[in-house]
Amino acid sequence: MRQRIIGRTQDRVGILGFGASSIHNADEKEARETLELAFASGINYYDCAGSEKRFMEYYGAAHEGVRDQVMYQVHFGADYSGGEYGWSLEPDSIKRNIEADLRRLRTDYIDYGFIHCLDKQEEVDEYLSNGAYDYLRQMQAAGVVRHLGLSTHTPAIANRLMDMGIPDVIMFSVNAAYDACHGEYAFGATDERELLYRRCRKEGVGISVMKPYSGGQLLDAKQSPFGFALTPAQCLKYILDKPGIVTVLPGYAGLADLKAALAAIDAPEEECDYSILAGCKEAAFTGRCVYCGHCHPCPAGLDIALINKYYDLSRVGDDMARDHYLKLDAHASDCLKCGHCDDKCPFSVRQSDRMEEIAGWFGK
Ligand code: SF4
Ligand code: SF4
């Protein structure tokens, strides 16, 4: 499993993680086999907001001997007092739930303690002032919570809590549909979402991705806002091309789902090609480099996708991106203006012009 590093904590995380939304559908035996296969395949990051509380018992049993090799993101605000998922801002309820979560997970610590699912400013105001956030910080001071996180679908909320320096990880809903402003959780304009991804990368805040298939809509031509289906491999590649993304967390109802996701994450390059989005007016990514690499190889040896990513990051003040760019073997100033990438880019980006702009920005 390829890994990425969460900048603020230096934790190394597999690019495919384990979402908790569906594993309650498996019986105990299949859940155990699914979790064993996940761990054996290098999945080391596990979300802890599922539809029913049973998934935590599955996690606890499967990870008893390997707890130090897996990471949990646990949600301060997910309420399982009724057995199924509920949402609460109320500090006493949060406290009771966290105590129960720790018992079910058979652990005495939480890798990432999450401010859970805030999408409105008034919810943030309440969470910060009613004692819920104080409880999370107390748990951090006591060493029970190691790092802080936030789950949200709303860029403005992510930005507000990042302004306060709070999250080390943000669980955010990322997929091609939401980025193109289609779907139930498509909050924020395309540019606003892009800027959030860049900001996270710049500030070392890792993004763990929920709803990678837009609740399954993207995999179904009849439901997809684009009028055609994408495959899991295309969806995952699209997401992982974005800056700031550390891990994607699909839900698995059992072994078959997990095997399909493992195959998708390692699919050959041609199966991951999502350039089909380019011709689609609903996608509206035209003229915007999405770092897909479809225009490679460049005869001058430029890594066109990476150069564009470093440029976009540097423009939001990411000094590390500038350093990485300067260390590349070939730079924008080496562009031969051959036009090969202009012809190949499905998203109609004119890289021959852009390379001139990039060379001017970096000075080489
Ligand atoms: S220029 Fe086009 S093909 Fe090349 S990486 Fe950017 S979007 Fe992809
Ligand atoms: S125009 Fe420049 S960046 Fe594009 S393929 Fe040719 S040499 Fe490479």
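Domain bounds here come from an automatic or database domain assignment. This is a predicted model: local features need pLDDT of at least 70, side-chain atom pairs count only at pLDDT 80 or more, and totals for chains, interfaces and linings use all residues. Residues are numbered from 1 along each chain as its sequence is written, while chains are lettered from A and ligands numbered from 1 in the order in which they are written.

**Exercise 1. Domains**

Task: State which domains the chain has and how far apart their C-alpha centres lie.

Solution:
- The assignment gives domain 1 (3-274) and domain 2 (304-362).
- Their C-alpha centres lie 32 Å apart.
- Six residues from domain 1 and six residues from domain 2 make the contact (C-beta atoms, placed from the backbone, within 7 Å).
- On the domain 1 side, two of these residues are nonpolar, none polar and four charged. Nonpolar covers Ala, Val, Leu, Ile, Met, Phe, Trp, Tyr, Cys and Pro; charged covers Asp, Glu, Lys and Arg; the others, Gly among them, are polar.

**Exercise 2. Ligand shells**

Task: Describe the residues around ligand 1 and ligand 2.

Solution:
- A residue belongs to a shell if its C-beta atom, placed from the backbone, lies within 6 Å of the molecule.
- Ligand 1 has 15 residues around it, with Cys289, Cys292, His294, Cys295 and Cys345 closest.
- By class, that shell holds 11 nonpolar, four polar and no charged residues.
- Helix H12 (residues 304-315) gives the largest share, three residues. Helices are DSSP runs (H or I, at least four residues) and strands likewise (E, at least two), numbered from the N terminus.
- Ligand 2 also has 15 residues around it; Cys298, Cys335, Cys338, His340 and Cys341 come nearest.
- This second shell splits into 10 nonpolar, four polar and one charged.
- H15 gives the most to the shell around ligand 2, with three residues.

**Exercise 3. Helix H5**

Task: Find which residues of helix H5 (residues 132-141) are buried, and why they line one face.

Solution:
- Buried means 20 or more other C-beta atoms within 10 Å of the residue's own (exposed: 12 or fewer; partly exposed: in between), with C-beta atoms placed from the backbone.
- Ala132, Tyr133, Leu136 and Met139 qualify.
- Seen down the axis of H5, they fall within an arc of 120°, so they line one face of the helix. The arc is that of the directions from the helix axis to the C-beta atoms.
- Their cover includes strand E4 (71-76) and helix H3 (91-105).
- Glycine 143 follows H5, with a positive phi near 85°.

Note on methods
Contact = placed C-beta atoms within 7 Å.
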